[in-house]
Amino acid sequence: MTTATTTPALYADLDRPSPLEALLGDPDDQDNPLGFASFLAADERGDLHQAGERVLDAYGLGAEFVPARLGGRMGRADELARVLRPLFRRDAALALGHGASNLVGSVNVWSEGSAQQQRMLADVLCRNGRIAAAYTDMSTGNDVTRTAFRADIRSDEIVLNGRKEIINNLARAEAVTVLARTSDAPGSRSHSMVLVDMAHAPRDRLRFLPRYRTSGVRAMYLGGLEFQDCPLPVTSVAGGVGEAMETILRAFQVTRAVLPAAVLGMADQQLRTVTDFAVGRRLYRRTVADLPHARAVLTGAFLDILTADCLATTVCRALHLLPRQSSVYAAAVKYLVPQLFRDTVDELAVVLGARSFLREGPYGSFQKHARDLPVASLVHAGGTVCQATVIPQLPRLARHGWPVEEAADAEVFRLSGALPELDFDRLGVTAGRTDPLLSTLTEAADRLRGEPVLGALCGQLTEQLRSLAADCNALGPRDRTPLAGPVSFELAERYALLLAAACCLGVALGNPDHPSAFLRSDAWLVGALSRLTARLGLPPVAGADGVEPEVFAELIRRYEQGTGFDLTGRRLA
């Protein structure tokens, strides 16, 4: 195991913005060249924000995606997500084009690439170059196993043929990671990962396709590239020939955990925008925030953001501390967190009313984020793909992992705890037989049995866990595969909701020294678990609705003091 990294002083200087947040400045300032008004104008033009790119280059954002052992700053998955949140808060196009694409395009090389390939890619990113991730085909989408793009090995060359389309940054990339079929045989050993150094690829064998325009993230440069008998050195293969599927299953755990945790910045801003409207707009001699429905929506959105942060941050930490089990955890995050945020934004739009459609002015960022969020959430793997990753693992976990007496160590939930450096080699392709995160439900239920409200909520959740285990064990052979019917996808959703509940409990019990008195209280936990049990179709627990005033008061306090709605609660610019 690599040596432990020091804690990034998570709770130090909470009254100051993070370095990137401070560099980007107050987004509501009309005179700020990196404010919402400027990003909205760039979005209307369909242009990536050039001033924003220059600022990110000055910050050296590319180094955030390079492992520390290669001269970069990527040591912790949870910290990387927090670094990216201010960027997603402002503009998803810039966050994807200057951030997420580099992460998605590089993780497979950090996992299985040669030392030379890793040094080349590290050099590109540390000098602010761009990487494109050409994994999907237009005709097969996220089903990468059916890609038709070819790579044929001929002596000491590998020859590429085919088209890659709807790829972000493709026309601007210095390096492209390409998923290609290297065998016609069925199965998982027919694909390879190829790292294309665009500076040395023969340009007469490449044809760039026109840019694709989108309704969301309109400033993103989505393009296509056709390879026509394009020869590259056989050393361009990243990892072994035919091993791409295993590499993807391992490396994409990082992106599936980090990106939803980073996109939280968009949900935070949506809640902030609607709260600003609700406290300033008066109806029936009261503010909108005083109306019961609006107050319930704002409170629920706050709780869902905390829930998403508990799940995503815990799984980011699990990449370091529980790498053999994190395959199923990361897929659950990539499925559930975007779903929570989409539902949250839909409910917030009702409160904002017709203003949610405005494309300019103080609420213009809301409609932009509402359009951008689905695209930012998809990136390289949609919810259905992630559920299909979870489904085959559920019966095995049900037989051997639910419930077990030994839950995850509290350190995986400890937000300020040190972590070993992220080690891609330790990530497992599948989760094995144990499920220490979900087993936290059973341990927490024992600890909280005497609490009237929390005890009852935990009782509901542990009963759901037993029911889930029985239903998973009863699945037929076909319903244990990615080709399963709707019942299996419903089980995968239930699993993700129970996992989120376990992470909320783990974070609440594992951080007794959190500087926020609110997060040391039971109110937010009761509220978060109540919303999760409601999603599971369970009846409300008596007394659980009594926490709304305390949660709403904390929401307003954070809004007025300009701090984040996440678990850290750091001051914003």
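This is a predicted model: local features need pLDDT of at least 70, side-chain atom pairs count only at pLDDT 80 or more; totals for chains, interfaces and linings use all residues.
The protein contains 18 helices and twelve strands. Its radius of gyration is 23 Å, which lies close to the 25 Å that the globule rule gives for 573 residues, so the protein is as compact as a globular protein of that length. Taken along the principal axes, the box filled by the C-alpha atoms of the protein has dimensions of roughly 70 × 60 × 45 Å.

Among the strands, strand 3, formed by residues 150-154, and strand 4, formed by residues 157-168, are paired in the antiparallel sense over five bridges. Within this pairing, Asp152 has Val159 of strand 4 as its bridge partner. The two strands form a hairpin in which two residues lie between strand 3 and strand 4, and Ser155, located in the turn, has a positive phi of about 60°.

Among the helices, helix 14, spanning residues 452-473, packs with helix 17, spanning residues 523-535, at an angle of about 30°, and the axes of the two are 10 Å apart. Because angles under 35 degrees count as roughly parallel, helix 14 and helix 17 are therefore roughly parallel to each other. The crossing of helix 14 and helix 17 is left-handed. On the side of helix 14, the contact is made by Val453, Leu454, Leu457, Gln460 and Leu461, whereas helix 17 contributes Leu525, Val526, Leu529, Ser530 and Thr533. The residues of this contact comprise seven nonpolar and three polar ones, with no charged residue among them.

Note on methods:
Residues are numbered from 1 along each chain as its sequence is written. Side-chain values use heavy atoms; hydrogens and water are left out. Axes are lines fitted to C-alpha atoms, for helices over the stretch in contact, and angles run from 0 to 180 degrees between N-to-C directions. Helices (H or I, at least four residues) and strands (E, at least two) are DSSP runs, numbered from the N terminus. Angles under 35 degrees count as roughly parallel, over 145 as roughly antiparallel, 65 to 115 as roughly perpendicular and the rest as oblique. A crossing is left-handed if the near helix is turned anticlockwise from the far one by less than a right angle, and right-handed if clockwise. Contact means heavy atoms within 4.5 Å. Ala, Val, Leu, Ile, Met, Phe, Trp, Tyr, Cys and Pro count as nonpolar, Asp, Glu, Lys and Arg as charged, and the others, Gly among them, as polar. Two strands pair if DSSP finds at least two bridges between them. The radius of gyration is taken over C-alpha atoms; the globule rule is 2.2 Å times the number of residues to the power 0.38.
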